[in-house]
Amino acid sequence: MAETAQTLEALGALKPATPEAPKYVQKLDAKGRAYATGKRKNAVARVWIKPGAGKITVNTRPVEVFFARPVLRMLIQQPLVATNRNGQFDVVCSVSGGGLSGQAGAVRHGLSKALTYFEPDLRTVLKRGGFLTRDPRVVERKKYGRAKARRSFQFSKR
């Protein structure tokens, strides 16, 4: 049975130690790459990073070809810029589903997670920037008796 404390000092000695913050360890595969999956809307991106010259490849094409809009390329670069690792990692992605905007968000999410697996110390910077949070907003499903999710059919008195 548990011990009973007779004094306040003995009560303090019985109190369990405060739990420490979890220690994050580096997760690499046999080729020295970090892998993570990123998601946004209906898009899913599989991202591998390894130390290199900063080349980003999406679906076997350069990022400038796959994401032609500069805003989408800037969105992908955000985690690297926030952690001052721009040009230090080669990024290889395969992305599917959704549109270009969702795919860029999925690559950003996957790249952020892969950076934390490669360098666990970067987790606080990426977490503070909001890059590790999966955006839960998805398209609402269509309902029966409606034109879209909430839009009704046009009403006519006649």
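The bridge partner of K39 in strand β2 is V44, strands being DSSP runs of E of at least two residues and helices runs of H or I of at least four, numbered from the N terminus. The model is predicted, so local features require pLDDT of at least 70 and side-chain atom pairs pLDDT 80 or more, whereas totals for chains, interfaces and linings use all residues. Residues are numbered from 1 along each chain as its sequence is written, and side-chain values use heavy atoms, without hydrogens and water.

β1 and β2 (residues 43-51) are antiparallel and joined over seven bridges; two strands count as paired if DSSP finds at least two bridges between them. Five strands make up an open sheet of mixed pairing, in the order β1-β2-β5-β3-β4. Helix α4 lies across β1, β2 and β5 and runs at about 145° to β1, with axes fitted to C-alpha atoms, for helices over the stretch in contact (heavy atoms within 4.5 Å), and angles from 0 to 180 degrees between N-to-C directions.

Helix α3 (residues 70-82) bends by about 40° at I76, with P79 following within four residues; the bend is the angle between axes fitted to the seven residues ending at a position and the seven starting there. The buried residues of α3 are L72, I76, P79 and L80, buried meaning under 20% relative accessible area, exposed over 50% and partly exposed in between (1.4 Å probe, protein chains only). Elements covering these residues include β5 (89-96) and α4 (100-118). Just after α3, N84 has a positive phi of about 55°.

G99 is located in the loop between β5 and α4 and counts as partly exposed because its relative accessibility is 41%.
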